[in-house]
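Dear colleague,

Please find the structure below. My notes on what was found in it follow.

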Amino acid sequence: MIQHIVNISGGKDSTACYLLALQRGVPFRAVMADTGNEHPVTIEYAERLAERTGGPQVEIYRADFSERMAKKRAYIAAHWPAKGVPQAVVDRAIAVLQPTGIPFLDLCLWKGRFPSRRAQFCTEFLKSEPIGKQVIDPARRAGPVVQWLGVRRAESLARRNAPMWQTVRTPGLHAMRFYRPLINWSAENVFGYAAAHGLDPNPLYLQGMGRVGCFPCINASKGEIRAIALRFPEAIDRIAEWEAICAESSKRGCGTFFAADVTPEGAALAKQISRIEDREARNAASATTQWPTARQVADWARTDRGGRQFNLLDAAFAEDEALSCSSQYGLCE
Ligand code: SF4
């Protein structure tokens, strides 16, 4: 018998997928990966989908990096001193490389860095792998699987050619098909569909968030970072804390959450360093450069376009704005 599994993120698209599966009457499981970097409202929204709709309870899974971190501690103890890393740095890294139970932070501690646009390992290790190992593979051992994904072509250029159906075959496992039933839907269709079922969207959309995955996502736009910095400054404080912890576990003593070139200053530094021809000198320059921290990026996000002039109007109206609706989907229009 085919097993239907709906992937939930707590966002509008996966919620519409869940409702669609419910409406079609197929028995299904709903699964979500908690990265430890979602807003609690998003987790609660997913957890309450069942009672709000009469559908299945969303099963929440988390990645566990304990074993990998233990191996890394052993590696650091055995190899860093031989590479000339001062013993104090070695001891500090081993001391801080202990599982915190927060998958996102543990992943960054294990990797010794934050993910980036070019090395977006967060999606693989925090979402695909835990759901794959804990749900999909066991299900595929029992029979064929259809994974429902809330992906729309209109979402991004990268998804403009995404197929509705895709088959994956793996030796020793039953076939799996990805199913993207919303592939041709617009954001309006998605919100409208949920509204027609009497289901309110994740409340974060009503507070100016364009997406409600990681909070923030490493790829967050200036507007999203700005909205988070204004309305949820504690989220920026948490990332700043993670940056400090990760710096302790890194050989170079540095680590920033957002892309190095996200601010104009960071972009200028990145350009300057990219001009250094010798690879080792380039790496050394990059390692000693003070890249923009989460707090600096949040400050920049609250400025006007050039990023140098602090937006006094923003500051003056921040309190008002925090109470008003600036949903990017026009939900109150
Ligand atoms: S939402 Fe962003 S930060 Fe979170 S796993 Fe996906 S790409 Fe990484």
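**Ligand shell**

The residues of the shell around the ligand comprise five nonpolar, two polar and one charged (Ala, Val, Leu, Ile, Met, Phe, Trp, Tyr, Cys and Pro count as nonpolar, Asp, Glu, Lys and Arg as charged, and the others, Gly among them, as polar). This is a predicted model, in which local features need pLDDT of at least 70 and side-chain atom pairs count only at pLDDT 80 or more, while totals for chains, interfaces and linings use all residues. Residues are numbered from 1 along each chain as its sequence is written, and side-chain values use heavy atoms, with hydrogens and water left out.

Around the ligand stand Phe104, Gln120, Cys122, Thr123, Lys127, Cys214, Cys217 and Ile218 (near means that a heavy atom of the residue lies within 4 Å). Helix H7 (residues 121-142) gives the largest share of this shell, three residues (helices, H or I with at least four residues, and strands, E with at least two, are DSSP runs numbered from the N terminus).

**Sheet**

Six strands make an open sheet of mixed pairing, in the order S3-S2-S1-S4-S6-S5 (two strands pair if DSSP finds at least two bridges between them). Strand S3 (58-61) and strand S5 (165-168) are at the edges with a single partner strand each, so one side of each has no neighbour in the sheet. Strand S1 (residues 3-8) pairs with strand S2 (residues 28-33) in the parallel sense over five bridges, and Ile8 is opposite Met32 in S2.

**Helix H9**

Helix H9 (residues 222-231) is largely enclosed by the rest of the structure, because seven of its 10 residues are buried (under 20% relative accessible area, with exposed over 50% and partly exposed in between; 1.4 Å probe, protein chains only). The buried residues of H9 include Glu224 and Arg231.

**Second largest pocket**

The second largest pocket has a volume of about 1,300 Å³ (a pocket is an open set of points on a 1 Å grid over the protein atoms alone, with protein on both sides within 12 Å along at least five of seven lines; lining residues have an atom within 4 Å of a point; a volume is the space filled by probe spheres set on the points, which are joined across faces, edges and corners). Its lining has 39 residues, with Arg113, Thr256, Ala260, Ser286 and Trp291 nearest the centre. By class, the lining of this pocket holds 16 nonpolar, 13 polar and 10 charged residues.

Regards

How values were computed: On a 1 Å grid over the protein atoms alone, a cavity is a set of points where a 1.4 Å probe fits but cannot get out, and a pocket is an open set with protein on both sides within 12 Å along at least five of seven lines; lining residues have an atom within 4 Å of a point.
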